[in-house]
Amino acid sequence: MSRIGIQPVDLPDGVKATLDGSTLTVRGKGGELKQDIKSEISVEIAEGSITVKRANDTRQVRAFHGLFRSLVANMVQGVSVGFEKKLDIVGVGYRADVQGSVMNLALGYSHPIKYDLPKGIKATVDKQNSILIQGADKQMVGQVAADIRSMRPPEPYKGKGIKYSDEIIRRKAGKAGKGA
């Protein structure tokens with residue numbers, strides 16, 4: 001049995017889940033998320049919890065069992081608490097600011113970079129060098145953070161670039177020295 005798949009997902013107060021055909025919808029204070037469920041997986045919504053079950057024990061269906069239980073748990077956590085990623089900008093003259101749903105980044109290129117934030121994602125900038133990305137959809141929050149980081153990944157010599165706040169950059173030594 002799947003250790004993750006058999007665990008029920010508890011619904012906190014204020015979170016409602018509905019199943020319409022093969023689409024699971026979870027609503028809460030953080031918004032609304034939808035997920036299509038494979039035909040081999042069944043979802044049962046009981047009083048205060050969601051249970052994910054599988055039709056048979058083939059290898060693929062067993063993998064889907066744990067996957068869909070994790071997706072449902074992430075949906076419930078997203079609409080109740082939300083997800084966030086923190087990015088740090090390191091480098092002289094590197095900065096960011098947010099105007100509405102557009103993030104403006106100055107990352108040492110000859111032009112400023114404008115990044116349109118997707119719907120449901122909120123970004124805040126603290127002191128022009130710390131970015132906080134928040135949203136209900138865990139996949140979308142992670143993708144936006146990865147997109148922003150990819151605009152100027154950290155380099156190993158001086159550590160300049162955009163990095164996750166908990167990321168450790170392995171530094172390299174520069175040139176060995178003069179002469180030989």
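**Figure 1. Burial and overall dimensions of the predicted model.** Buried residues make up 33% of the 180 residues in the protein. The model shown is a predicted one. Its secondary structure comprises two helices and 13 strands. The radius of gyration is 21 Å, well over the 16 Å given by the globule rule for 180 residues, so the protein is more spread out than a compact globule. Along the principal axes, the C-alpha atoms fill a box of roughly 70 × 45 × 25 Å. The protein exposes about 11400 Å², and carbon and sulfur atoms supply 49% of that area. Of the contacts with a separation of 6 or more, 50% are between residues 24 or more positions apart.

**Figure 2. The open four-stranded sheet E11-E12-E7-E13.** The strands of this open sheet follow the order E11-E12-E7-E13, and their pairing is antiparallel. Strand E11 (121-126) and strand E13 (161-164) are the edge strands, each pairing on one side only. Neighbouring strands of the sheet are turned by 25° against each other on average, direction ignored. Strands of a sheet pair through backbone hydrogen bonds, in either a parallel or an antiparallel sense.

**Figure 3. Pairing of E11 with E12, and the helix packed on the sheet.** Six bridges join E11 to strand E12 (residues 130-135) in the antiparallel sense. Ala123 stands opposite Ile133, a residue of E12. Helix H2 (residues 138-150) packs on the sheet and touches strand E7 (83-90), E11, E12 and E13. The direction of helix H2 makes about 10° with that of E7.

Figure 4. Ser150 lies in helix H2.

**Figure 5. The salt bridge between Arg149 and Glu167.** Arg149 and Glu167 form a salt bridge in which the closest N and O atoms are 2.7 Å apart. Arg149 belongs to helix H2 and Glu167 to the segment after E13, so the pair ties together parts that are 18 residues apart in sequence.

**Figure 6. The salt-bridge network of Arg27, Glu32 and Lys34.** The structure holds five salt bridges. A network of salt bridges links Arg27, Glu32 and Lys34. Within the pair Arg27 and Glu32, which forms a salt bridge, the closest N and O atoms are 2.7 Å apart. Arg27 is partly exposed at 39% relative accessibility, and Glu32 is partly exposed at 42%.

**Figure 7. The salt bridge between Glu44 and Lys53.** Side chains of opposite charge can pair when their charged atoms come close. Here the side chains of Glu44 and Lys53 meet in a salt bridge with an N to O distance of 3.5 Å. Glu44 counts as partly exposed at 38% relative accessibility, and Lys53 counts as partly exposed at 37%.

Terms used. Residues numbered from 1 in each chain as written. Predicted model: local features only at pLDDT ≥ 70, side-chain atom pairs only at ≥ 80, totals over all residues. Heavy atoms only, no water. Pairing = 2+ DSSP bridges. Axes fitted to C-alpha atoms, helices over the stretch in contact; angles between N-to-C directions. Contact = heavy atoms within 4.5 Å. Rg over C-alpha atoms; globule rule 2.2 N^0.38 Å. Buried < 20%, exposed > 50% of the residue type's maximum accessible area, 1.4 Å probe, protein only. Areas by Shrake-Rupley, 256 points an atom, 1.4 Å probe, with all protein chains shown as cover. Salt bridge = Lys/Arg side-chain N within 4 Å of Asp/Glu carboxyl O.
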